[in-house]
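Have a look at the model first, then try each task before reading on.

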Amino acid sequence: MKKHTHPHQEVLAPEPAEVTAVAQPMPVATPVAIPVKRDWSNLYTPIAIVIAGIFVAGGLMIGLSHGGTGTTAGTAPAGAQAAAPSVNIKDVKTDGEPYIGMRMRRS
């Protein structure tokens with residue numbers, strides 16, 4: 001049912017209750033170390049350079065510790081005389097071929 005009120009009647013609001021709060025100290029939080037995930041990706045290049053330098057230095061030390069007399073492909077061992085190939089320049093034909101330099105007259 002709907003309550004019928006007249007305009008000349010006052011509706012009183014209830015009085016607010018008194019609230020008395022006792023100030024209590026707030027608990028202080030102790031600092032907790034949060035593990036931080038570090039990003040190491042910016043160190044990959046310098047680490048790779050150092051590792052490559054170690055390999056190069058190790059290779060040089062091993063190579064030079066054997067006296068450095070090891071032979072490589074295309075070179076003769078120490079003390080051996082390589083035979084020079086014999087080429088006769090008169091047998092080379094350059095007619096009609098592009099060349100750089102002077103053309104010698106044939107006599």
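Of the 107 residues of the chain, 0% count as buried (buried is under 20% relative accessible area, exposed over 50%, partly exposed in between, with a 1.4 Å probe and protein chains only). This is a predicted model, in which local features need pLDDT of at least 70 and side-chain atom pairs pLDDT 80 or more, while totals for chains, interfaces and linings use all residues. Residues are numbered from 1 along each chain as its sequence is written, and side-chain values use heavy atoms, without hydrogens and water.

**Exercise 1.** Work out which secondary structure the chain has.

*Solution.* Start with the DSSP runs (helices are H or I, at least four residues; strands are E, at least two; numbered from the N terminus). Next, take the span: α1 covers residues 44-65, and its 22 residues reach 31 Å from first C-alpha to last, close to the 32 Å expected (1.5 Å times one less than the number of residues). Finally, look just past α1, where G67 has a positive phi of about 90°.

**Exercise 2.** Find the side-chain partner of D39.

*Solution.* First place D39 in the segment before α1. At 58% relative accessibility, D39 is exposed. Its side chain joins that of S41 through a polar contact of 2.9 Å (N or O atoms within 3.5 Å, one able to donate a hydrogen and the other to accept it; residues adjacent in sequence count only if both atoms are side-chain atoms).
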